[in-house]
Amino acid sequence: MALRYDAGEVITAMVTPFNKDLTINFDDLEKLTQHLIDNGSDAVLVAGTTGESPTLTHEEELEILKVVKNVVQNKAKLFVGAGSNCTKTAIEQSKKVEKIGVDAILTVVPYYNKPSQAGLISHFTQIAQNVNLPILLYNIPGRTGINMLPATIATIAEKNPNIFGVKQSNGDLDQVSEIIAQSPSDFSVFSGDDSLTLPMMSLGAKGVVSVASHIIGKEIKQMIRLFKLGKVNEATALHLKLYPIFKKIFMAPNPTPIKAALAKKGFISDIVRSPLVTLTEEQKSELFSVLQI
């Protein structure tokens with residue numbers, strides 16, 4: 001059966017480059033976008049957690065979106081994080097990005113206010129009914145405080161055909177099995193953790209919303225393609241080779257390590273907005289030794 005929406009295999013959750021005065025560095029943003037397009041990203045996601053969305057204003061998010069859209073053209077898909085723990089705000093922001101023109105939106109489980117499973121169904125259904133865009137759910141209990149259960153995801157998917165998939169980020173492979181078993185067959189599951197991409201694909205996931213693809217996008221793409229071609233042993237060998245990198249880029253709060261790696265490679269600075277802080281020199285040495293840069 002055809003997918004509700006083909007988002008590709010590698011969606012990169014892009015960092016937001018900053019200047020020393022903490023304003024957005026739009027020159028670096030353009031260069032980084034082109035780098036991602038050239039190195040395995042089927043879609044670029046702006047204003048997600050990796051883009052430090054908690055410290056971006058909604059106006060800044062729209063500015064970022066416009067700049068990235070101009071670079072992307074038709075060379076990759078363009079996604080934007082438009083979620084909120086306020087349903088009304090999520091709908092309003094989703095409508096704004098829809099007017100600018102994007103391929104899909106990512107909308108996260110409401111954080112801090114901890115709604116019930118019925119509340120989640122209501123929240124996402126309201127967004128889906130007010131937006132004419134493909135929507136990717138985002139389940140990340142470690143950041144939101146609640147876990148959207150497989151039955152809830154299945155119900156949301158059945159009620160809302162424009163909700164095409166879920167970014168699943170809780171490390172529970174049993175839950176991945178349950179989501180895929182209970183949801184419509186045209187619904188897509190994406191790994192929200194680079195290190196679980198291959199294990200989740202073995203259960204039927206379609207790909208990954210990746211952070212590591214900033215620096216090893218081609219390798220991640222190759223691993224996925226090998227698996228899809230039935231070359232499981234080769235895919236596994238590549239996974240094991242990349243695994244130390246997958247883990248080290250989360251050695252400190254995301255996106256601090258990946259920004260340090262990108263800075264070392266000369267793409268952007270490693271500046272993050274408070275309350276995040278840059279890596280210590282000791283942490284950088286540890287990270288760069290694994291990345292071999």
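**Before you start**

This is a predicted model, where local features need pLDDT of at least 70, side-chain atom pairs count only at pLDDT 80 or more, and totals for chains, interfaces and linings use all residues. Residues are numbered from 1 along each chain as its sequence is written, and side-chain values use heavy atoms, with hydrogens and water left out.

Helices (H or I, at least four residues) and strands (E, at least two) are DSSP runs, numbered from the N terminus.

**Stop 1: α3 and α4**

Select residues 87-100 for helix α3 and residues 117-130 for helix α4. Their axes come within 10 Å and cross at roughly 25°. An axis is a line fitted to C-alpha atoms, for helices over the stretch in contact, and angles run from 0 to 180 degrees between N-to-C directions. The two helices are therefore roughly parallel to each other; that term covers angles under 35 degrees.

Which way is the crossing of α3 and α4 handed? It is right-handed: the near helix is turned clockwise from the far one by less than a right angle.

Now show side chains. T87, A90, I91, S94 and K95 in α3 meet H123, Q126, I127 and N130 in α4. Contact means heavy atoms within 4.5 Å. By class, this contact has three nonpolar, five polar and one charged residues. Ala, Val, Leu, Ile, Met, Phe, Trp, Tyr, Cys and Pro count as nonpolar, Asp, Glu, Lys and Arg as charged, and the others, Gly among them, as polar.

**Stop 2: α2 and α3**

The crossing is right-handed.

Pick H58, E61, L62, L65, K66 and K69 in α2. They meet T89, Q93, K96, V97 and I100 in α3. The contact divides into four nonpolar, three polar and four charged residues.

**Stop 3: the largest pocket**

How much space lies in the largest pocket? About 580 Å³. Of the 27 residues that line this pocket, select the closest to its centre: G48, T49, S53, P54 and Y111. On a 1 Å grid over the protein atoms alone, a pocket is an open set of points where a 1.4 Å probe fits, with protein on both sides within 12 Å along at least five of seven lines; lining residues have an atom within 4 Å of a point. Grid points are joined across faces, edges and corners, and a volume is the space filled by probe spheres set on the points.

The lining holds twelve nonpolar, eleven polar and four charged residues.

**Stop 4: the second largest pocket**

This one has a volume of about 340 Å³. It has 22 lining residues, and the closest to its centre are I140, G192, D193, F250 and N254. α5 and α10 (232-248) each supply at least two of the lining residues.

**Stop 5: backbone details**

Stay on N254. The peptide bond from N254 to P255 is cis, with omega near 10°. P255 is found in the loop between α10 and α11 (256-264).

Next, jump to S274. Its peptide bond to P275 is cis too, with omega near 20°. P275 sits in the loop between α11 and α12 (281-291).

Finish at A47, in the loop between β2 (43-46) and α2. Its phi is near 60°, a positive value in a residue other than glycine.

How values were computed. Angles under 35 degrees count as roughly parallel, over 145 as roughly antiparallel, 65 to 115 as roughly perpendicular and the rest as oblique.
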